[in-house]
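This report describes selected structural features of a single protein model. Please consult the sequence and coordinates alongside the text.

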Amino acid sequence: MISYDLLSRVGCRDNNEDNVGMFQAGEEYCFALADGLGGHGKGEVASGIAVEQAVAAFAQAGEASEAVIHTAFQNGQEAILEAQKADLSARDMKTTFVYLLVGKEEIRWAHIGDSRLYRFEHGKLAERTLDHSVPQMLVAAGQIKEKQIRHHPDRNRLLRVMGTDWEEPRYQLGGPVPATPGQAFLLCTDGFWEWIEEKKMISALKKSRTPREWLQRMEEIVLKQGRGENMDNYSAIAVWTE
């Protein structure tokens, strides 16, 4: 059994280029989150396509498999490229993407860009996805520390996204892990994680009785830390195994 909640806010921007979605098929679930890039209102088109195609891929298959992940990313990529060709003003639109599949036996995920998935186990951080960004690359090279990613001047320079031509899919797989109780997953865009450190995520998790309460506690921190900073759109999905 799982419980979950989703949020997506405009922040201080004129429109929301993030998109979130979910679908349930029997006892299995998919969750999708995307942060559109490209401006002029087109980022939201790219992120919307990614979420829509991912939900459709899962709904059609009805199972939380690696094959569904591949279909979701491939169909989303192709649909975004087609939309770019159909509308010249949209030729620069791209999107990050995070996809979580919760099966009866296993949980798996994939991501591209700098939207993140965090996995917590019994109130402790077990792992997180690594950003496809210049600062994350600098961390890997030992040139900066992990905590310096959040406000690095090159933080928005992404190395992989959907909406740029690829010869093979550029997404990164995560899991599978057993679908055992006591796990919490957080999918979030950079507009969310840049204003809340992992220690605060864990503290909020331990104090919360539901995924909704967890998101509400974290959102309070995000808004407090981001006050007066021309906040970006921010979105998050919380999923608990029970």
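## Contact between helices α1 and α2

In this predicted model, helix α1 contributes Ala46, Ile49, Gln53, Ala54, Ala57, Phe58 and Ala61 to a contact with helix α2.

Helix α1 covers residues 43–61 and helix α2 covers residues 66–86; their axes come within 8 Å and cross at roughly 145°. The crossing of α1 and α2 is right-handed.

Strands of a sheet pair through backbone hydrogen bonds, in either a parallel or an antiparallel sense. Here, 5 strands form an open sheet with antiparallel pairing, in the order β1-β11-β10-β7-β8. At the edges are β1 (2–9) and β8 (124–128), each of which pairs on one side only. From one strand to the next, the twist averages 15°.

Strand β7 (residues 116–121) is joined to β8 by 4 bridges in the antiparallel sense. Within this pairing, tyrosine 118 has arginine 128 of β8 as its bridge partner. The loop between β7 and β8 contains histidine 122, a residue other than glycine with a positive phi, near 50°.

The peptide bond from glycine 175 to proline 176 is cis, and its omega is near 0°. Proline 176 belongs to strand β9, which spans residues 172–178.

## The largest pocket

The volume of the largest pocket is about 340 Å³. Its lining consists of 18 residues, of which Arg13, Leu37, Asn156, Asp190 and Asp232 are the closest to the pocket centre.

Which strand gives the most to the lining of the largest pocket? Strand β3 (residues 28–37) does, with 3 residues. By class, the lining contains 9 charged, 5 polar and 4 nonpolar residues.

Terms used:
Residues numbered from 1 in each chain as written. Predicted model: local features only at pLDDT ≥ 70, side-chain atom pairs only at ≥ 80, totals over all residues. Heavy atoms only, no water. Axes fitted to C-alpha atoms, helices over the stretch in contact; angles between N-to-C directions. Helix = DSSP H or I, 4+ residues; strand = E, 2+ residues; numbered from the N terminus. Left-handed = near helix turned anticlockwise from the far one by under 90°. Contact = heavy atoms within 4.5 Å. 1 Å grid on protein atoms, 1.4 Å probe; cavity = no way out; pocket = protein on both sides within 12 Å on 5 of 7 lines; lining within 4 Å. Points joined across faces, edges and corners; volume = space filled by probe spheres on them. Nonpolar A, V, L, I, M, F, W, Y, C, P; charged D, E, K, R; others polar. Pairing = 2+ DSSP bridges.
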